[in-house]
Amino acid sequence: MNKKKIIWTICSVLGALLLLSGAVLGYLYSQIADVFDEGDAGILAPNPEVDIEASGQRFYNLLLMGIDYDPDDEGRDYSDGKGMTDVLLYLQIDRENYTINALQIPRDTFSGAELSEGVPSHTGKINEVFANGPDQKNPINNIANKLYELFRLPVDDFITIDMQAFKTMLNNMGGIEMYVPWDITAINPETGEEEMLVPQGHHRVSGDTAEVILRNRNYGTADYKRLETQQYFYAALVKSLLTEYSLADYYNTCKVVAHYIDTSLDITELWGLYATILKVQPQDIYIVRAPGGAANIQGYTQVYYIDRESCAQMLNEHFRAEDAPVPAEELGLITGQTYLYGMNIDPGRTLGEVMNEGETASSAS
């Protein structure tokens, strides 16, 4: 075979492979593209208070919410089929340095006695703002506006996921390897005895077990400790997705959980976000819990009271440009309350550190 024929053959094969790859990607896109939309969360409206030009293109702010529809959880109002935000995770992605800062906001955070002017809050907690706030057509604006009011944090896009989807996703993945840092226990309502649910150590965590770990609140510091437990779940999930998953696996998972997800991102934006996150290492993902503790405020009991001064300092250090700090008095957080069990201040850490802690514990056992 002469050189021309060899070159033509190679080009033909490469062209066929490119066409096949394009066809496969096109098929995958066609199968899931229409599934992702805003859904019941509605359309996120631009916040007129946010100076978009001043924010620039460096920082991208994504709100992740886990919506819980469990009617057996006391103190919740599930009118009109709306759930409560059981998980609130604010992600700020630095697109220049490929780092992510994540703020965990306790679901019991005190967000005010009113959902809007003249509309009283049922619980005083931020987890009801999404469902019961003034914008019933586009409830995503209720929580986005509240986050800006309390923390001066803008929301560019959002993803909400039914908490049941975590179970479905993990079962579809065959579970994930997770280090559980302490015994997960619960009080038996009939006997009053403490029962072991998940012992400390490494586990292959399925959907049902993950739900127990993520939702358990049988701690002295309730929500605060619960958020720390969730950090180990996030670390395990990120590690699994980065090291064990292929494109086909992502496609299968998307197909399974897409119907549980509402988002302002379309499929191409989701793939773009995924491509950016792939450039981020676990040691470049900083996660921190909002500082505060339990308090009784304005007739609402056992709400999470965020310390305004400590929160302002943390936000300025990790979630704002150096030349654009926001003074504590400009935050919408109240002051002058008394903590029932003391205040918690989290210095924060990276998911890489969380992973290393689990690996160290594994080596020691």
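Predicted model: local features only at pLDDT ≥ 70, side-chain atom pairs only at ≥ 80, totals over all residues.

Me: Ok, which residues touch the most other members of the largest nonpolar core?

Reply: Those are Leu 170, Ile 176 and Phe 233, in a core of 46 residues.

Me: And what is Ile 176 in contact with, leaving aside its neighbours within four places in sequence?

Reply: Ile 176 contacts Leu 170, His 203, Arg 204, Val 205, Phe 233, Ala 236, Leu 237 and Ser 240. There's also a second, separate core, with 37 residues, including Ala 41, Val 155, Ile 306 and Leu 315.

Me: Switching to helices. At what angle do α6 and α7 pack?

Reply: About 145°, and their axes are 8 Å apart. Helix α6 covers residues 207-215, while α7 covers 223-243.

Me: Which residues make that contact?

Reply: From α6, Ala 210, Ile 213, Leu 214 and Arg 215; from α7, Arg 226, Thr 229, Gln 230 and Phe 233. By type, the α6 and α7 contact has 4 nonpolar, 2 polar and 2 charged residues.

Me: New topic: what's the phi of Arg 152?

Reply: Positive, about 55°, even though Arg 152 is not a glycine. Arg 152 sits in the loop between α4 (140-151) and β6 (157-162), and at 25% relative accessibility it counts as partly exposed.

Me: Then where is Gln 302?

Reply: Gln 302 is in strand β14, residues 300-306. Gln 302 has a positive phi of about 55° and is not a glycine. With a relative accessible area of 37%, Gln 302 is partly exposed.

Definitions and conventions
Residues numbered from 1 in each chain as written. Heavy atoms only, no water. Core = buried A, V, L, I, M, F, W, Y, C linked by side-chain atoms within 4.5 Å. Buried < 20%, exposed > 50% of the residue type's maximum accessible area, 1.4 Å probe, protein only. Contact = heavy atoms within 4.5 Å. Axes fitted to C-alpha atoms, helices over the stretch in contact; angles between N-to-C directions. Helix = DSSP H or I, 4+ residues; strand = E, 2+ residues; numbered from the N terminus. Nonpolar A, V, L, I, M, F, W, Y, C, P; charged D, E, K, R; others polar.
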